[in-house]
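Please look through the structure below before reading on.

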Amino acid sequence: MGIRLYQEPQLETPILVASWPGIGNIGIMAVDTLRGILGAEEFGQIEPWEFFYPKRVFIRKGILEYLEFPGSKFYFKKRGRKDIIFFIGEEQPTEGGRMYAEGRKAYHMANLVLDVAEKFKCRRVYTSGAAVALTHHTAKPRVWVVPNSESLVPEIEGYGNTVLMSDIEGRGGHGNITGLNGLLLGVAKKRGFEAICLMGEIPVYLQGLPFSYPKASKSVLEVLSHSLKVEINLDTLDELDQKVQQRIEEFYQQIPLEIREQLDRLKHVAYAQPAEPGPITEEEEKKVVQDVEKFFKKRGEGG
Amino acid sequence: MNQGYRITIHQEPDLHQSSLVLGWGEDVGHLGRRVTAYLNLKLKGQEFAEIEPEDFFPMGGVAIEGNVARFPESKFYACPEHELVIFQTDSPLAEWYKFLNSVLDVAERHCRVREVYVLGAMISFSAHTTPRQLLAVVNSAEMKEILSQYDLNRDMDYQTQPGERPTLNSFLLWLARERHIPGLSVWVPIPFYLAAMEDAQAQRKVLSFLNEKLGLKIDFSDLDQEIRKQNEQLARARSRFPQIDDYINRLESNLMLSEEENGDLIKKIEDFLREGD
């Protein structure tokens, strides 16, 4: 179980940008879009066999031709200075039927990703994921930013459209980032890398839907491209977002009116501190979440 | 090297150039378990090794089946007279790569296995009166050629559909090929209304192939008797219940039943066979 590099590019103080699938595929869509726009070149992979069950078999004329596993691939883009290494994991290595990676395999994979980063003398890592938030799908998603070191906070405060955990009302600067997008941040800290996780907001009532949320990916990508000092055209994400927003709106109209009225109030939720009496109280917040969960449960039972 | 996973060898088998037959415990129509049990019975297979379960199955209690507690088992049996190894196992629920490699480690190092046969059953929407056909998937062109003299459909094209995953059979065939061991995954269709019960005809079809291919010289008169009995039971179900007869008539005419009718036929047949006639 290890790393296989097809080539060893000469990279100048590279930055690693890594992502795995998660809620709304927000992080991975942002990272993969950037990889595509920059035309980064594949140069290696983590061997999949012990991490993953195969995802596809090809049988032709009775002969098993090929067994395909979820990919965990490295790409590079040379830029003259601060080159970029991308890591894109097609699946998180889960154990025991859990949704997100945890345990021995997850820790091993995080270390393998950082082994490659270290080999190319990278010292800065970005990961990306989703932040489930009391927000509305018509609002521009913000990006929750979590660094793995206090010293990175001043830099983050200079990013636009971002919030630190301490800005989120009622959290007191605390929270959790589940799965490998979070774990990598911790393992990076243990190994002395600077790391920052960028999480695009997704409305609480959309977190369980089976489609992506490109609007939040775009917000993440705006922050990431600013931080990496790359100029990119995000038209493709806008087009995708328009299609998804249409589906979300169709879904939204199916939600019973009394719940929808409560959800509409999320259009006015803000996280600015000091906490003012907001447009939605803590009690109301709980009720919104409970009602939405009840609605989805009913839908599920109804098939 | 078993990569830290526990394999217990009770006794070294006296095998020099053997074939491995593998059956899974949770197959459609219990095919894997039934066929390997039948081979063990007829060929007097002797248990000689097992893979310990703790890394491959959740150790969170026991399942109860037929009023009895079951525990995951992964056991090897040797039939030295026939140069045959039988591996009867529950399907692992974790660490599949390591589990399948453990199987091949035992096969290679303790049994000098030269070929692998993996058993599989799939649900068919044909009537039980339709003759069973065997479908073959192999891991090399050479193996396909070797099988040309047997009654197998060897030209299947297949690609995993969205939302599905490959079978453990495919995973094992692929790993066997990595080790240069020729392998065959043999599939038999089982009528959907017998899937939760047993299908003696399907078992006979697979066993006949293995008997011929491996030169086992098994007397199948008991199994043939079982097939006759099952066919008679199903014929009685048809004559006693016009609705069952109508459903099966339509299947025999290559007509599809609705989902509701499928469910109804399954229930009626299962009730009839369980209660006896």
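**A walk through the model**

In chain A, helix 5 (residues 214–228) packs against helix 6 (residues 235–254) at an angle of about 150°, and their axes lie 8 Å apart. Axes here are lines fitted to C-alpha atoms, for helices over the stretch in contact, and angles run from 0 to 180 degrees between N-to-C directions. The angle makes helix 5 of chain A roughly antiparallel to helix 6 of chain A, because angles over 145 degrees count as roughly antiparallel, under 35 as roughly parallel, 65 to 115 as roughly perpendicular and the rest as oblique. Helices (H or I, at least four residues) and strands (E, at least two) are DSSP runs, numbered from the N terminus.

This is a predicted model, in which local features need pLDDT of at least 70 and side-chain atom pairs count only at pLDDT 80 or more, while totals for chains, interfaces and linings use all residues. Residues are numbered from 1 along each chain as its sequence is written, and chains are lettered from A and ligands numbered from 1 in the order in which they are written.

Which residues of the two helices meet? From helix 5 of chain A come A:Pro214, A:Lys215, A:Ser217, A:Lys218 and A:Leu221, and they meet A:Leu237, A:Leu240, A:Asp241 and A:Val244 of helix 6 of chain A. By class, this contact has five nonpolar, one polar and three charged residues. Ala, Val, Leu, Ile, Met, Phe, Trp, Tyr, Cys and Pro count as nonpolar, Asp, Glu, Lys and Arg as charged, and the others, Gly among them, as polar.

Helix 7 (residues 257–264) of chain A holds A:Leu263. A:Leu263 is partly exposed, since 19 other C-beta atoms lie within 10 Å; a residue is buried if 20 or more other C-beta atoms, placed from the backbone, lie within 10 Å of its own, exposed if 12 or fewer, and partly exposed in between. A:Leu263 and A:Tyr205 are 58 residues apart in sequence, and their C-alpha atoms are 8.4 Å apart in space.

A:Glu42 sits in strand 3 (residues 41–46) of chain A. With 15 C-beta neighbours inside 10 Å, A:Glu42 is partly exposed. Apart from neighbours within four places in sequence, A:Glu42 is in contact with A:Lys73 and A:Tyr75, where contact means that the C-beta atoms, placed from the backbone, lie within 7 Å.

Chain A as a whole has eight helices and 11 strands. Of its 303 residues, 40% are buried. The mean pLDDT of chain A is 86, and 85% of its residues reach 70 or more; pLDDT is the predictor's confidence in each residue, from 0 to 100. Over residues 272–279 of chain A the pLDDT is below 50, and this stretch has eight contacts in the model beyond near neighbours in sequence. Where pLDDT is low, the predicted coordinates should not be read in detail.

Chain B is assigned domain 1 (7–218) and domain 2 (224–275), with bounds from an automatic or database domain assignment. The centres of these domains of chain B, taken over C-alpha atoms, are 28 Å apart. Their contact takes 12 residues from domain 1 of chain B and 14 residues from domain 2 of chain B.

Finally, 24 residues of chain B are in contact with 17 residues of chain A. Helix 4 of chain B gives the most to the side of chain B that touches chain A, with four residues. The residues of that side divide into 14 nonpolar, four polar and six charged.
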